Amino acid sequence: MPGNSQDEAAELEFETDGYHDLRAYVGWDVEMGDMSVSLYLQGRNLTDDEQRKHTSVVKGLVPEPGRTVELGVRIRY
């Protein structure tokens, strides 16, 4: 589970530190006739912690992405 240290590693694995994963999502939906428009703002890893998933085979080389903020529009018709 993210947030907890992994301290039960196999013989050729190394232990990984725990991390915090603060996420947020805000969305607005607007109906325009037969069309639906969604506007959203979402953030991932907002604390910008270094995250290494213990189950990843490249955890020693490549951490998970840092702070990410995304603004988007979805249009359904």
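Colleague: How many bridges join S1 to strand S2?
Modeller: Keep in mind that this is a predicted model. S1 and S2, the latter covering residues 35-44, run antiparallel. Within this pairing, Glu31 stands opposite Ser36 in S2. The number of bridges that join S1 to S2 is nine.

Colleague: Which strands stand at the edges of the sheet?
Modeller: Three strands make up an open sheet with antiparallel pairing, in the order S1-S2-S3. A strand with a single partner has one side left without a neighbour in the sheet, so the edges belong to S1 (24-32) and S3 (68-76).

Colleague: Thanks! What does the twist average from one strand to the next?
Modeller: The sheet is open and ordered S1-S2-S3. Going from one strand to the next, the twist averages 10°.

Colleague: Is the aromatic pair stacked or edge-to-face?
Modeller: The structure holds one aromatic pair. The ring centres of Tyr25 and Tyr40 are 6.0 Å apart. Planes under 30 degrees apart count as stacked, and these two planes are at 15°, so the pair is stacked.

Colleague: How many residues apart are the partners in that pair?
Modeller: Tyr25 belongs to strand S1 and Tyr40 to strand S2. The pair thus links distant parts of the chain, and the partners are 15 residues apart.

Terms used
Residues are numbered from 1 along each chain as its sequence is written. This is a predicted model: local features need pLDDT of at least 70, side-chain atom pairs count only at pLDDT 80 or more; totals for chains, interfaces and linings use all residues. Side-chain values use heavy atoms; hydrogens and water are left out. Two strands pair if DSSP finds at least two bridges between them. Helices (H or I, at least four residues) and strands (E, at least two) are DSSP runs, numbered from the N terminus. Axes are lines fitted to C-alpha atoms, for helices over the stretch in contact, and angles run from 0 to 180 degrees between N-to-C directions. Rings of Phe, Tyr and Trp (its six-membered ring) pair if their centres lie within 6.5 Å; planes under 30 degrees apart count as stacked, over 60 as edge-to-face and the rest as tilted.
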